[in-house]
Amino acid sequence: MSKQEIKFSEQPQKDQPNEAPKEEVAITHKASVTSRKSTQEKNRINLGRSQLTKRLEPSLNWRTSVSSKESRNTLRDTQVEKHGGKLEKSRSSVSPGRAQLIRKSVEKIEEIISDSSSESEEDEEQPDHRQEANADLPSEYWQIQKLVKYLKGGNQTATVIALCSMKDFNLAQETCQLAIRDVGGLEVLINLLETDEVKCKIGSLKILKEISHNPQIRRNIVDLGGLPVMVNILDSPHKSLKCLAAETIANVAKFRRARRVVRRHGGITKLVALLDCGKHSGEPAQSSLYETRDVEVARCGALALWSCSKSYANKEAIRKAGGIPLLARLLKTSHENMLIPVVGTLQECASEENYRAAIKAERIIENLVKNLNSENEQLQEHCAMAIYQCAEDEETRDLVRLHGGLKPLASLLNNTDNKERLAAVTGAIWKCSISKENVTKFREYKAIETLVGLLTDQPEEVLVNVVGALGECCQEHENRVIIRRCGGIQPLVNLLVGINQALLVNVTKAVGACAVEPESMMIIDRLDGVRLLWSLLKNPHPDVKASAAWALCPCIQNAKDAGEMVRSFVGGLELVVNLLKSDNKEVLASVCAVITNIAKDQENLAVITDHGVVPLLSKLANTNNDKLRRHLAETISRCCMWGRNRVAFGEHKAVAPLVRYLKSNDTNVHRATAQALYQLSEDADNCVTMHENGAVKLLLDMVGSPDEELQEAAAGCISNIRRLALAIEKARYS
């Protein structure tokens with residue numbers, strides 16, 4: 001309805017020029033209001049308001065006037081009467097303090113069973129912005145408030161006109177958004193959604209869709225019970241209504257409580273149904289308009305599901321409602337505006353193992369790879385991120401390679417302007433690099449050289465992925481050489497001084513992998529990289545400690561004078577020994593591996609023995625973790641080579657638990673344990689303990705092992721035990 005077609009009767013309102021809006025609600029502004037309380041400022045504001053009201057009179061002078069003090073029940077009755085709808089539920093008035101207290105109590109209880117897996121910062125309470133009563137406000141603020149007043153009491157035609165006029169304002173502007181809220185406009189707009197008049201619903205939803213980008217407005221909509229009403233509209237036969245409702249839900253469901261409300265009112269099932277709405281529509285399929293609307297309905301449904309899919313419970317609800325096959329089907333479309341929310345939803349859901357299995361079954365990876373070649377940067381970003389999430393699985397990594405996805409990923413590394421896309425692409429490359437076949441392809445596409453170039457002047461989210469990818473590539477000799485020749489060692493060592501936990505874990509792994517090469521180790525040592533790694537053993541995060549300890553092992557193995565280098569770190573040996581008190585199994589295993597390398601130097605072995613390494617190692621013997629068992633047995637074997645450590649291990653009850661390690665299914669554990677028992681069997685008391693715990697029978701089975709080291713250690717241990725038994729027998733009968 002155009003403004004030219006609407007004729008307004010002009011009636012002068014005598015008291016209006018001096019009448020300020022009675023329902024003024026304070027909206028915060030950073031500007032101080034103390035200086036605005038002078039008489040001169042008040043007169044200026046009143047004069048401005050008078051002029052604004054006069055300008056509004058010719059076009060907005062409706063015959064129905066509504067008192068700002070009328071009750072909410074009267075408002076509802078008026079709207080029902082004017083629009084022919086039935087509003088069964090009345091929203092009772094609750095004091096703001098009590099409402100907030102009740103809401104926070106409920107949220108606290110529900111948070112215990114919260115379903116969130118990837119919540120955003122919007123879950124934090126946002127400050128409530130309200131204007132000071134005497135603050136300078138733009139003319140739009142008062143014009144919108146006047147429109148809301150007419151909206152409350154006008155008939156159907158007046159309501160539609162008011163909605164159209166309100167839509168003409170810049171609703172993306174915060175002042176306009178809050179003007180609607182401050183005068184009670186949100187409740188009016190939500191009430192209109194429960195009427196039977198389609199035009200009023202459409203007008204209301206168009207406004208709600210625009211203003212719901214504001215975090216505070218979103219929360220207000222949820223507090224006023226707007227989401228269940230919108231969920232009900234998803235059943236409407238009118239596609240325009242369904243689209244607007246879904247888009248508004250997409251905007252509102254940006255925080256945990258809103259997502260929970262959508263799920264609990266059956267919104268997920270209804271949104272999933274929108275993905276297939278064209279199949280059940282009764283509209284004639286001949287028109288192209290039908291096809292366009294059909295695509296739009298599915299797009300809006302996918303958009304809402306994207307917002308809702310940030311919580312685990314909603315992901316499960318989408319899967320159970322049959323969302324994956326529908327999303328897979330939509331992924332084959334050529335409409336880019338449809339593909340973005342579809343891929344975005346899949347990207348969020350792919351963090352769950354159940355989804356990854358379903359994604360493989362639905363052959364979604366093929367279409368994700370295809371869309372990597374799109375010209376749309378946002379679509380490329382979400383496809384790369386979806387691959388990043390799915391590539392935890394080996395079969396998925398193979399599918400990405402088989403469908404030709406590695407080459408477009410490598411080529412996208414050259415476009416560094418879009419950092420969000422770059423982070424997604426490097427993340428996908430990192431996860432795909434876990435498979436050796438993919439690393440070979442990346443080397444062929446010159447991706448490793450490009451990754452080295454991204455080690456500087458990039459945001460942390462990019463660096464984490466770049467270093468992670470290089471860490472995987474460094475597992476092969478050819479790639480370690482490439483990284484060294486491209487000057488990648490120095491920027492890697494420089495990153496050891498950071499504080500980002502994920503980055504430190506990845507960079508220590510990469511530096512440790514590079515240290516396997518003697519030439520690279522020389523560069524690391526010259527750059528003081530070993531000291532930096534050692535200092536990370538003090539890091540509070542267990543993952544960083546463990547990764548740094550693993551990285552130190554090749555550094556010690558390949559250093560020219562490892563013993564002297566280790567002793568040069570003041571307090572370094574004591575620090576390592578004290579880490580054996582950790583509760584983290586990965587930290588313990590990695591520290592045992594470090595001690596095994598440190599103990600190769602006799603002087604260092606003597607020092608760590610003085611620091612009490614034997615009793616600490618003995619306390620760890622009763623473990624069921626095979627990784628820890630292996631490295632602990634190796635450490636004990638090495639520590640037995642100093643003084644009376646063999647005897648000390650027996651005194652601290654470490655021998656009997658070691659015998660039980662021979663029952664493990666891991667051959668590496670068998671080898672390390674046999675070597676440790678061989679060293680311990682040099683002491684007679686330890687031989688007795690082994691014999692009593694059934695070591696001989698277990699070791700006899702291992703003498704026939706194809707592993708030569710295991711054969712030799714098992715045979716040596718049995719020999720020592722047998723020699724002791726013969727000596728005892730000889731002494732008995734002599």
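Student: How many residues does helix H39 have, and what does it reach from its first C-alpha to its last?

Tutor: A word on the source: this is a predicted model, where local features need pLDDT of at least 70 and side-chain atom pairs count only at pLDDT 80 or more, while totals for chains, interfaces and linings use all residues. Residues are numbered from 1 along each chain as its sequence is written, and side-chain values use heavy atoms, leaving out hydrogens and water. Helices are DSSP runs of H or I with at least four residues, strands are runs of E with at least two, and both are numbered from the N terminus. The expected span of a helix is 1.5 Å times one less than its number of residues. H39 covers residues 626-639, which is 14 residues, and reaches 20 Å, close to the 20 Å expected.

Student: Which residues of H39 are buried?

Tutor: Buried means under 20% relative accessible area, exposed means over 50%, and partly exposed lies in between (1.4 Å probe, protein chains only). In H39 the buried residues include Leu628, Leu632, Thr635 and Ile636. An α-helix has 3.6 residues a turn, so residues three or four places apart point the same way.

Student: How many aromatic pairs are there?

Tutor: Rings of Phe, Tyr and Trp (its six-membered ring) pair if their centres lie within 6.5 Å; planes under 30 degrees apart count as stacked, over 60 as edge-to-face and the rest as tilted. The count here is two. One of them joins Tyr388 and Trp430 in a tilted pair, at 6.5 Å centre to centre and 40° between the planes. Tyr388 belongs to helix H21 and Trp430 to helix H24, so the pair ties together parts 42 residues apart in sequence.

Student: Are Tyr388 and Trp430 buried or partly exposed?

Tutor: Tyr388 is partly exposed, with a relative accessible area of 22%, whereas Trp430 is buried at 13%.

Student: And where do Trp534 and Phe569 lie?

Tutor: They form a tilted pair, 5.1 Å centre to centre with 40° between the planes. Trp534 lies in helix H32 and Phe569 in the loop between helix H34 and helix H35, so parts 35 residues apart in sequence are tied together. Both residues are buried.

Student: What is the secondary structure of the whole chain?

Tutor: The chain has 45 helices and zero strands. Of its 734 residues, 53% count as buried.
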